[in-house]
Amino acid sequence: MPKEIKIGIFGLGTVGQSVVEQIRVNGLLIEARTGILPRVIKAVTANPHKPRSVDLTDIEVSADPNFILDDPEIDLVIELIGGCDLAKEILLTSFAKGKAVVTANKALLAVHSREIFGAAAKTGARLGFEASVAGGIPILRMIREGLSGDRITGVSGIINGTSNYILTQMSEQGQSFADALKDAQALGYAEADPTFDVEGIDQAHKLLILMNLAFGGLFSFDQLYAEGITQIESIDIAMAKEFGYKIKLLGKAIDRGGSYEGRVHPALVPEDDLLAAVNGAFNAVSVEADFAGHLMAYGRGAGGHPTSSAVVADLVGVIRSFKGEAPPPLSLLPDRLVPKEILPIGEISSEYYLRFSVLDRVGVLAKITRALGDQNISISSMIQNERAAKAKDAVDVVIFTHQALERDIRKALEEIGQMDFIARPTKLIRVDSP
Ligand code: HSE
């Protein structure tokens, strides 16, 4: 039997259920990385009898917070209920009882950061909060570990999926603000109180957490300027487009050599800026670091699975810190590493750009397309440049294929290469389609 870590989880909403699912699905993988099997044994939710779509076998469910907090077997508490009152009690009590905590609660960490981080420091408690900022993007870990030798001078980004979804729908689909918000709620992106999303408050919570980490301090949430997207009308989006801009809800923090800017507001972003390409519920965070320079992380910032990915990564971090171990170089425990094979290039499947240099004669195209067809390669488009000036000059025929096996393409090209009208070797470039 592998060793286990016993977990109590507060909240069985969209994210809570995803965390239970992810621990079931990836439990053995986590065991292979840490030597410890994570097991959720208890859950606390306001409505314990509500049917859930996730499998709750072997998980005892209650409405009483002490059901988890008083259980000495539970080493790790995952807090996913949101809000500030009960959640704060859960964190402080867990710290006092020596339980590690993983939370996604950005409002709590932003508004009560001094109290929470102070209590964690005083008790030496382990506190993971990767899920509180930008869902599935491991931006906190990237700053804390990947940039631990750099001075961070700026952090900016799009870190509220709901408002970015609304602005994208208004801009690309002509959808109304109200309809787009309804869709975002149905897709599980929005906060329980969606004014937090559309008034820039949720994004401000996340920016404050980023500032605390990036600039190494405890900032006051009340000092952060926050303006949302409720005043943006379709005419503004159309006008911005006219001048080559997109409207995005931006969070921006700058270290001005010891004085700090921190603000959230809609902004016109040039259409060719990377941030302008961040659409739908996606988030992106861009960081200025003194030696690494400018870098950017992009991914899903809201929704059950991406947020649970961050929660479970923190859970792995807690297990490793309990064991006093740094992550193994290749993440898996060294004794679990086995040699693995890479498929031969012939086994890949892709779309292809093929440029044939051919003598412009009758029947050439028919022979090329037949050779491709014989290998089950389907053509998606084709173009031949203008006629050769003299019959002996080669012309270029470009063929795009649908998805095909590389080994079939190579077989067809080998056959075509023998044909007497081929003037130069055929060019093959793979099309990187999503
Ligand atoms: N309501 C948040 C958002 C969820 O839309 O980004 C993730 O924090």
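## Strand S6 and its sheet

In S6, leucine 127 is the bridge partner of valine 101. Strand S5 (residues 100–103) and S6 run parallel, joined by 2 bridges. Strands here are DSSP runs of E with at least two residues, numbered from the N terminus. Two strands pair if DSSP finds at least two bridges between them.

This is a predicted model: local features need pLDDT of at least 70, side-chain atom pairs count only at pLDDT 80 or more, and totals for chains, interfaces and linings use all residues. Residues are numbered from 1 along each chain as its sequence is written, and side-chain values use heavy atoms, with hydrogens and water left out.

S5 and S6 belong to an open sheet of 6 strands, ordered S3-S2-S1-S4-S5-S6, with parallel pairing. Strand S3 (60–62) and strand S6 (127–128) are at the edges; each has a single partner strand, so one side of each lacks a neighbour in the sheet.

## The mixed sheet

Another open sheet has 6 strands in the order S8-S10-S9-S7-S11-S12. Its pairing is mixed. Strand S8 (225–226) and strand S12 (293–300) are the edge strands; each has a single partner strand, so one side of each is left without a neighbour in the sheet.

Inside this order, strand S7 (residues 152–158) and strand S9 (residues 245–255) run antiparallel, joined by 4 bridges. Valine 155 has alanine 253 in S9 as its bridge partner.

Which pocket does the ligand take up? The space taken by the ligand is the largest pocket. A pocket is found on a 1 Å grid over the protein atoms alone, as an open set of points where a 1.4 Å probe fits, with protein on both sides within 12 Å along at least five of seven lines. Helix H7 (161–173) and helix H10 (201–215) are the elements that give two or more residues to the shell around the ligand. Helices are DSSP runs of H or I with at least four residues.

The surrounding residues include Lys106, Asn160, Tyr189, Glu191, Asp197, Asp202 and Lys206. Each has a heavy atom within 4 Å of the ligand. By class, the shell has 3 nonpolar, 4 polar and 5 charged residues.

## Contacts and cover

For lysine 106, the distance from a polar side-chain atom is 2.5 Å. For lysine 206 it is 2.9 Å. For asparagine 160 it is 3.5 Å. The protein covers 93% of the 260 Å² of accessible area (Shrake-Rupley method, 1.4 Å probe) that the ligand has on its own.

Notes: Polar contact = N/O pair within 3.5 Å; in protein donor to acceptor, adjacent residues only side chain to side chain. 1 Å grid on protein atoms, 1.4 Å probe; cavity = no way out; pocket = protein on both sides within 12 Å on 5 of 7 lines; lining within 4 Å. Sits in = over half its atoms within 2 Å of the grid points. Nonpolar A, V, L, I, M, F, W, Y, C, P; charged D, E, K, R; others polar.
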